[in-house]
Amino acid sequence: MGRKVLLDKAHIEGIRYYDVYRKNGGYAAVEKALKMAPGDVVEEVKKSGLRGRGGAGFPTGMKWSFLAKPEGVPRYLVCNADESEPGTFKDRYLMEFLPHLLIEGLIVASWALGSNRTYIYIRGEYAWIVDILEQAIAEANQAGFLGKNILGTGFDCQIYVQRGAGAYICGEETALIESLEGKRGNPRIKPPFPAIKGLYDCPTVVNNVETLAAVVPIMNLGGEEYAKIGVGKSTGTKLISACGNINKPGVYEIDMTQSVEEFIFSDEYCGGIANGKRLKACIPGGSSVPILPANLLLKTAKGEQRMMTYESLADGGFPTGSMMGSGGFIVLDEDQCVVRHTLSLARFYRHESCGQCSPCREGTGWMEKILTKLEYGKGQMSDIDLLWDIQRKIEGNTICPLGDAAAWPVAAAIRHFRDEFEWHVTHPEEAQVRNFGLAHYADPLEVAVG
Ligand SMILES: Cc1cc2nc3c(=O)[nH]c(=O)nc-3n(C[C@H](O)[C@H](O)[C@H](O)COP(=O)(O)O)c2cc1C
Ligand code: SF4
């Protein structure tokens, strides 16, 4: 049984409401933090080894210490609750069931960073969670944990919730900032990074929901104690949203001591593959990270057991490893078609590209067209090489990482499942019959030929 520090109180009835949350130890982290100097809170987060839970895994304490502090200029903390990565739904769980945990983490972080106006940028589709958060904010205001002169310290802080309008790209931190400013959500060219020039050109920290919620156990336990949970540089706990062909889809908190095998097959977590099927592959960190076939998922290329840590999931680099990413764990059984699956992802990225850079704007569309041809039995062997070539030309050549995120799934699918792509070329009639009647493309061949 792994240790839990985020969801340990999620089972308590009424924990969504302030009174119950407070009775169960809530807001102790704020009381502790506000007695400390802001710089000491940052140090505590540094000691914890916490890495950003939004995808890139950048050390949170270090990010906070980069924040510029020019005189007379406001600083902003922005909570990234966009959560649009296919397969990822852990922030939704946190906000829906433990809204005060996030609010508490936000108050501590606002104090540490000197943010008097803090924003939660939430994906538009989470409309009902906006109501939950706003109620929690109102309760925290009434209890004196938000508003003017919090706990008599002279610190003023207010939290505002802003809904996005359903664009995946607005999860990228600079696109999010643009959107928050009321503009089209186009990523900015970096540098300058938000820590220097972010929201309204002021120093800004953007952190994921789970990252900010983790600040609460860090304050309660102390950074050093928190760092003892987990393994090596993968400190603390991580929320994993597990989905696909498993018996028990859901959100699990792991302390990263689990092996991938244990996570998939034990009853404590995913409960094994559904319908008695065999495990074929898995995307362990949200749709943007490379897919791994079962053999490389359970064991690294060196033959070691693969663990649910940042390091082990990435072990082997991109040829044979993947990433923890946002913790969206998508499991595929033996009946799933990797070409169809890759097409579905390519379609998503083509649709979500903001169009600012040509490799991403054009490349994602070309990849979708070629994959559609292959999937519907209209492709040639040379299309597989063309697809490979296109993804290579996108990766690393764009303003923001959406381009990489579109390229990696295609690269990994061809690398590990080339035989399936070739099958679609050598068995065109079967590929077409297999797809006959598929409703999710209005006219797939029209898409393919442009
Ligand atoms: C296309 C794209 C979408 C992203 N979507 C999200 C998201 O929904 N939530 C999130 O926290 N980070 C997302 N990120 C990462 C953010 O840019 C940023 O790194 C993160 O919010 C930083 O928080 P952290 O340090 O706490 O992880 C996305 C990045 C890209 C390139
Ligand atoms: S990589 Fe794609 S999404 Fe990112 S800025 Fe370029 S066109 Fe826009």
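**Notes on a predicted model**

1. Strand S11 is covered on both faces: on one side Gly328, Ile330 and Leu332 are buried, and on the other Phe329, Val331 and Asp333 are buried as well. The model is a predicted one. In a regular strand, side chains alternate between the two faces of the sheet. S11 spans residues 328–333, and six of its six residues are buried.

2. Which strands pair with S11, and in which sense? Strand S7 (residues 238–244) runs parallel to S11 and is joined to it by four bridges. S9, by contrast, runs antiparallel to S11, again with four bridges.

3. Another sheet is open and consists of four strands in the order S3-S2-S1-S4, with parallel pairing. Its edges are strand S3 (158–163) and strand S4 (204–208), each of which pairs on one side only. On average, neighbouring strands of this sheet are turned by 20° against each other, direction ignored. Helix H9 (residues 209–221) packs on the sheet, where it touches S1 and S4, and its direction makes about 90° with that of S4.

4. Within that sheet, strand S1 (residues 75–81) and strand S2 (residues 115–122) are paired in the parallel sense over seven bridges. One of the residue pairs is Arg75 with its bridge partner Ser115 in S2. In general, the strands of a sheet pair through backbone hydrogen bonds, in either a parallel or an antiparallel manner.

5. Glu172 is placed in the loop between S3 and helix H8 (173–180). Is this residue buried or exposed? Glu172 counts as buried because its relative accessibility is 12%, and the cut-off for buried is under 20%. A polar atom of the Glu172 side chain lies 2.9 Å from the backbone nitrogen of Ala175. The side chain of Glu172 also makes a polar contact of 3.3 Å with the side chain of Lys190. Not counting residues up to four places away in sequence, Glu172 touches Pro187, Lys190, Cys400 and Pro401.

6. Ser288 lies in the loop between strand S9 (279–283) and strand S10 (292–293). With a relative accessible area of 9%, Ser288 is buried. Which side chain is joined to that of Ser288 by a polar contact of 2.7 Å? The partner is the side chain of Glu85. With neighbours within four places in sequence left aside, Ser288 is in contact with Glu85, Tyr168, Tyr349, Ala405, Trp408 and Pro409.

7. Asn141 belongs to helix H7 (residues 127–142). Leaving aside neighbours within four places in sequence, the contacts of Asn141 are Leu146, Gly147 and Gln158. Asn141 and Cys157 are 16 residues apart along the chain, and their C-alpha atoms are separated by 9.6 Å.

Notes
Residues are numbered from 1 along each chain as its sequence is written. Chains are lettered from A and ligands numbered from 1 in the order in which they are written. This is a predicted model: local features need pLDDT of at least 70, side-chain atom pairs count only at pLDDT 80 or more; totals for chains, interfaces and linings use all residues. Side-chain values use heavy atoms; hydrogens and water are left out. Two strands pair if DSSP finds at least two bridges between them. Helices (H or I, at least four residues) and strands (E, at least two) are DSSP runs, numbered from the N terminus. Axes are lines fitted to C-alpha atoms, for helices over the stretch in contact, and angles run from 0 to 180 degrees between N-to-C directions. Contact means heavy atoms within 4.5 Å. Buried means under 20% relative accessible area, exposed over 50%, partly exposed in between (1.4 Å probe, protein chains only). A polar contact is a pair of N or O atoms within 3.5 Å; within protein, one must be able to donate a hydrogen and the other to accept it, and residues adjacent in sequence count only if both atoms are side-chain atoms.
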